[in-house]
Amino acid sequence: MLSYPDYNRSILNIISSVMSYYRRPYEYPTLAELDKRLSKFYKNIVLIVLDGMGTDMMERNLPYGNFLRKNFVQNLTSVFPSTTASAMTSYYTGVSPNEHGWLGWSLFFKEFCRMIDVFTNTDTYTKQSIAISNAAEFVMPYETIYKSISESIIGDVQPFTISQSKVNIAENGNIHKTADKFERVCELIELICKTNQNTFTYVQWCSPDDTAHRTGCYSDETKKKLTEISQMLEKTSEKLTDTIFIISADHGMIDISNELFIERMPDIAECLVMPPLIESRAMSFFVKSDRRTDFERAFNTNIGNDFLLFSHREVFEKKLLGAGKTHPKTNDFIGDYFACAISDVCLKYRTLNTKPKSMSKANHGGLTEQEMTVPLIICETPQTITYTQKKIF
């Protein structure tokens with residue numbers, strides 16, 4: 001089953017509700033159920049994003065009485081493409097991929113004449129480091145929500161961010177902490193929430209995505225990882241008061257059955273101006289102007305059962321990437337055609353200097369329900385402070 005992004009009920013709308021709570025500007029509608037929970041006063045808001053934990057993965061790996069499942073509120077959609085670079089940047093900024101331009105993992109920057117993996121700042125094919133500190137941030141800088149939250153009329157709100165040390169999170173009004181084990185994440189959350197300040201904490205954690213890529217969505221390893229995270233979050237929540245936990249994901253994942261290599265399909269490859277880009281399940285194609293009919297015919301013959309093909313115009317007419325003002329680089333990255341996965345197959349393109357890489361057991365980026373549907377989980381701790389006591393409104 002397919003699931004298109006709903007930018008009225010998506011991960012973006014979580015940010016809108018948080019910004020509404022702090023009386024700060026926001027771009028997209030809020031979520032009524034989250035707004036209802038936030039109508040009480042909470043000294044601490046903790047937003048935890050578990051990379052790759054779609055609703056399907058959560059429900060098939062965890063029993064109903066588990067902490068994450070018993071606090072499940074509703075389903076949301078990811079943004080599109082349903083992948084880390086686009087979705088996490090939407091969490092950071094509160095705007096859609098169309099507006100921030102970070103569409104996926106591998107993007108061609110004409111400014112550097114290179115295909116660059118935006119989060120690792122390396123050449124997509126050779127894996128060489130790009131000389132500038134972060135090429136994507138240099139070309140596509142963005143404003144985070146943290147500075148705005150720190151200016152809330154609630155007063156004395158300190159934003160914190162927590163991630164693994166390998167994850168680069170911009171500092172803009174926030175205090176950034178790193179942790180390479182989830183136990184340490186929970187320790188930091190507890191320390192932050194027990195300060196005398198009002199706090200907002202954003203946690204970005206690379207699991208279960210990292211495990212599922214290696215072992216699959218429903219492997220024993222993935223189930224164990226999710227179970228451990230859920231148990232640690234439950235114990236942490238039991239130690240705190242005046243805190244609300246908002247837990248979701250950037251995207252879901254689907255087990256992969258096969259990889260199709262475009263360079264092995266000469267009737268498609270010969271139509272291309274350059275290698276395709278973005279993601280293996282959300283791929284942008286730049287096609288020779290006199291070969292577009294040939295490309296469409298070859299694509300539908302070879303890959304049409306596994307991918308939907310949209311023209312450049314259709315991507316924006318259908319608002320697949322979101323609404324708002326289109327970032328100039330978004331137009332650069334969306335080629336003549338955009339292919340969106342609807343099955344369990346990935347597309348790859350190997351150049352002569354591509355470093356070999358084994359096939360992932362699971363992946364994301366496409367339009368399937370497993371990839372696009374993520375849970376909204378809310379856990380409220382006991383309240384000891386009221387609006388009246390704080391006198392903040």
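Biologist: What should I know about the model and its numbering before reading any feature?

Modeller: The model is predicted: local features need pLDDT of at least 70, side-chain atom pairs count only at pLDDT 80 or more, and totals for chains, interfaces and linings use all residues. Residues are numbered from 1 along each chain as its sequence is written, and side-chain values use heavy atoms, with hydrogens and water left out.

Biologist: How many strands does the open sheet have, and in which order do they lie?

Modeller: Helices (H or I, at least four residues) and strands (E, at least two) are DSSP runs, numbered from the N terminus. Two strands pair if DSSP finds at least two bridges between them. Here an open sheet of seven strands runs in the order β2-β18-β9-β1-β8-β6-β7, and its pairing is mixed. The edge strands, each pairing on one side only, are β2 (72–77) and β7 (175–178). From one strand to the next, the twist averages 20°.

Biologist: In which sense does β9 pair with β1, and in which with β18?

Modeller: β1 and β9 run parallel and are joined by six bridges; Ile 45 has Ile 244 in β9 as its bridge partner. Between β9 and β18 the sense is antiparallel, over four bridges, and there Phe 245 has Cys 379 in β18 as its bridge partner. β1 also pairs with β8, in the parallel sense over seven bridges, with Val 49 opposite Gln 204 in β8.

Biologist: Is β9 buried or exposed?

Modeller: Buried means under 20% relative accessible area, exposed over 50%, and partly exposed in between (1.4 Å probe, protein chains only). Six of the six residues of β9 are buried, so the strand is largely enclosed by the rest of the structure. Both faces are covered: Thr 243, Phe 245 and Ile 247 are buried on one side, and Ile 244, Ile 246 and Ser 248 on the other.

Biologist: How many residues of helix α5 are buried, and against which elements do they pack?

Modeller: An α-helix has 3.6 residues a turn, so residues three or four places apart point the same way. In α5 (residues 84–93), 10 of the 10 residues are buried, so this helix too is largely enclosed by the rest of the structure. Contact means heavy atoms within 4.5 Å. The buried residues of α5 pack against α1 (11–21), β1 (44–50), α6 (97–100), α8 (145–150), β8 (198–205) and β9 (243–248). Just after α5, Gly 94 takes a positive phi of about 80°.

Biologist: At what angle does α1 run to β9, and what is the angle between α5 and β8?

Modeller: Axes are lines fitted to C-alpha atoms, for helices over the stretch in contact, and angles run from 0 to 180 degrees between N-to-C directions. α1 lies across β1, β2, β8, β9 and β18 (373–380) and runs at about 160° to β9. α5 packs on the sheet, touching β1, β8 and β9, and its direction makes about 175° with that of β8.

Biologist: How many aromatic pairs are there, and how is a pair described?

Modeller: A pair of aromatic rings is described by the distance of the centres and the angle of the planes. Rings of Phe, Tyr and Trp (its six-membered ring) pair if their centres lie within 6.5 Å; planes under 30 degrees apart count as stacked, over 60 as edge-to-face and the rest as tilted. The structure holds 17 aromatic pairs. Phe 182 and Trp 205 are edge-to-face, 5.5 Å centre to centre with 65° between the planes. Phe 182 lies in helix α9 (residues 182–193) and Trp 205 in strand β8, so the pair ties together parts that are 23 residues apart in sequence. Phe 182 counts as buried at 4% relative accessibility, and Trp 205 at 5%. Phe 295 and Tyr 337 form a tilted pair, 5.0 Å centre to centre with 35° between the planes. Both of these residues, Phe 295 and Tyr 337, are buried.

Biologist: How many disulfides does the structure hold?

Modeller: A disulfide is a covalent bond between the sulfur atoms of two cysteines; the cut-off is a pair of cysteine sulfur atoms within 2.5 Å. The structure holds zero disulfides. For Cys 346, the nearest cysteine sulfur is that of Cys 217, 11 Å away. Cys 346 counts as buried, at 2% relative accessibility, whereas Cys 113 is exposed, with a relative accessible area of 61%.
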